Amino acid sequence: MSNVIAAISTAQAAAGIGVIRISGDNARAVAAKVFRAAGDKNILTMPGYTAAYGRVFDGEEEIDEAVALVFAAPKSYTGEDVVELQCHGGMYNLKRVLRAVYKNGAVPAAPGEFTKRAVLNGKLSLTKAEAVMDIIGAQNAQAARAALSARDGAISRRIDAVMQQLLDIAAHLAAWADYPEEDIPEIDPQNLIPQLEGILETMDKILAEYDLGKIMRQGLETAIVGRPNAGKSTIMNLLAGCERSIVTSVPGTTRDIVEETVSVGDVMLRISDTAGLRDTDDPVERIGVERARLQIDRAGLILAVFDAAVPLDAEDLALIDEISPRTSVAIINKTDISDADYSDVFKAKGIPVVMISAKTGEGLDRLRRTIEEVVGLSALNPAAGILANERQFDAARKARQSLAECIQALRSGVTADAVTVIIGESINSLAELTGERASEAVVDRVFEHFCVGK
Ligand SMILES: Nc1nc2c(ncn2[C@@H]2O[C@H](COP(=O)(O)OP(=O)(O)OP(=O)(O)O)[C@@H](O)[C@H]2O)c(=O)[nH]1
Ligand SMILES: [Mg+2]
């Protein structure tokens with residue numbers, strides 16, 4: 001009976017209900033040894049998608065009461081017979097029931113093993129399986145929507161469409177090369193190149209959206225930087241909606257990095273408030289400044305704060321130079337006490353600039369809108385099908401690379417045979433992406449990251 005696997009599928013914590021999932025050819029037989037249905041229902045003969053109330057036993061000792069749900073193969077999550085025991089929640093109780101299940105012939109499920117079986121039994125594609133984990137891990141509405149779309153096959157469909165076009169071209173090329181005597185229209189590289197370029201463009205778009213998708217799922221690493229006393233911590237608190245960072249009129253207040261996750265429209269920012277940038281003899285503050293500089297290097301978005309009440313100094317100008325090639329927003333703060341407007345300095349460098357008073361909140365909406373525009377997430381439709389992880393991205397990148405090589409080869413006049421081989425490589429990479437041709441090692445690696453019980 002060792003093909004029967006079992007695990008706790010719900011959170012390992014005190015809870016009203018906890019579910020133990022059992023899957024495999026003999027799942028019913030294992031379940032029947034620990035669960036006795038009330039009345040005349042019998043786990044062994046119950047039809048799929050039915051439930052029975054009953055009691056759970058370890059040998060002759062009654063250990064819980066539960067509801068058993070039966071899913072008959074192949075109409076179950078894994079494609080095998082599945083029994084789910086809805087027991088009382090709570091760590092001790094669930095583990096006790098699980099032990100009884102193991103004693104009666106099931107073995108512990110490895111991480112993601114239920115979903116892996118679903119893939120191997122043809123119930124799910126690899127990208128859909130990955131989406132299952134993304135649904136579980138989603139931290140915001142956008143990420144959940146993207147994961148749900150992927151679960152529905154949005155990215156598979158998008159990749160399949162590309163693959164279909166390549167298969168058509170490859171088939172045509174092969175037919176033309178293999179049956180020269182047949183009346184197959186000759187292939188003109190000049191026609192093929194624009195066709196392949198169109199496909200390349202689609203792949204580039206899919207690849208470009210990956211970074212935005214990552215920002216959507218994980219949030220964007222954001223650094224608030226600037227001179228001491230410019231109002232960085234006040235802005236952090238304004239965006240966070242709470243007194244997260246200490247604010248005082250003493251320059252050099254913030255030393256350690258203070259982190260907070262904040263939603264700005266559809267964008268999730270992982271903000272770090274940092275120490276004011278200046279040369280200082282204070283050893284503690286100096287470490288803070290070093291950390292601030294590291295944070296600038298790491299950040300995907302820089303919010304650079306300038307104090308309207310004092311003129312720009314050399315430190316400010318150096319910062320402006322540093323942020324101009326990066327994704328950044330310049331914030332001129334303290335408009336409530338100064339009319340100074342040096343926004344032209346930023347505009348000249350192409351840096352979006354917003355004037356605000358962190359003290360009164362004036363300009364906060366403008367700041368939020370500007371951040372949204374700069375990050376560009378609104379251009380992304382989470383339902384359209386976005387690459388979900390590095391594995392998928394790598395495969396897509398390889399497919400794109402082969403396509404580019406193919407176009408290059410056509411331009412330099414290589415034979416149709418050679419071109420067919422390169423197109424084949426591109427198709428293989430796409431098939432690896434969707435899992436159609438993923439090796440066992442790749443499949444194993446995908447499920448290593450799953451939780452036990454899913
Ligand atoms: N009038 C006015 N004062 C402000 C504004 N924003 C911040 N301040 C004041 O400026 C001082 C410094 O503010 P902080 O937010 O601590 O500045 P900081 O950039 O974090 O400073 P360090 O942590 O020392 O680098 C405090 O006294 C704030 O109350 C503003 O918009 N208007
Ligand atoms: Mg501060």
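Quick housekeeping. This is a predicted model, where local features need pLDDT of at least 70, side-chain atom pairs count only at pLDDT 80 or more, and totals for chains, interfaces and linings use all residues. Residues are numbered from 1 along each chain as its sequence is written, and chains are lettered from A and ligands numbered from 1 in the order in which they are written.

Okay, overall layout. The C-alpha trace spans about 85 × 80 × 35 Å along its principal axes. We've got domain 1 at 5–109 and domain 2 at 219–379, with bounds from an automatic or database domain assignment. Their C-alpha centres sit 55 Å apart. The chain comes to 15 helices and 13 strands; those are DSSP runs, H or I of at least four residues for helices, E of at least two for strands, numbered from the N terminus.

Now burial. I call a residue buried with 20 or more other C-beta atoms within 10 Å of its own, exposed with 12 or fewer, and partly exposed in between, with C-beta atoms placed from the backbone. Buried residues are 41% of the 454.

Take helix H1, residues 27–34: Ala27, Arg28, Val30, Ala31 and Val34 are buried there. Down the axis of H1 they fall within an arc of 160°, so they line one face of the helix. The arc is that of the directions from the helix axis to the C-beta atoms. Their cover includes strand E4 (50–58), strand E5 (61–71) and helix H2 (91–103).

Next, Ile193, in helix H7 (189–218). Ile193 is partly exposed, because 15 other C-beta atoms lie within 10 Å. Leu410 is 217 residues away in sequence, yet 7.1 Å away C-alpha to C-alpha. Beyond residues up to four places away, Ile193 touches Ile407, Leu410 and Arg411, where contact means C-beta atoms, placed from the backbone, within 7 Å.

Last, ligand 1. There are 23 residues around it, the closest being Gly231, Ser233, Thr254, Gly276 and Lys359; the cut-off is a C-beta atom, placed from the backbone, within 6 Å. Helix H8 (232–240) gives the most, with three residues.

Methods
Two residues are in contact if their C-beta atoms, placed from the backbone, lie within 7 Å.
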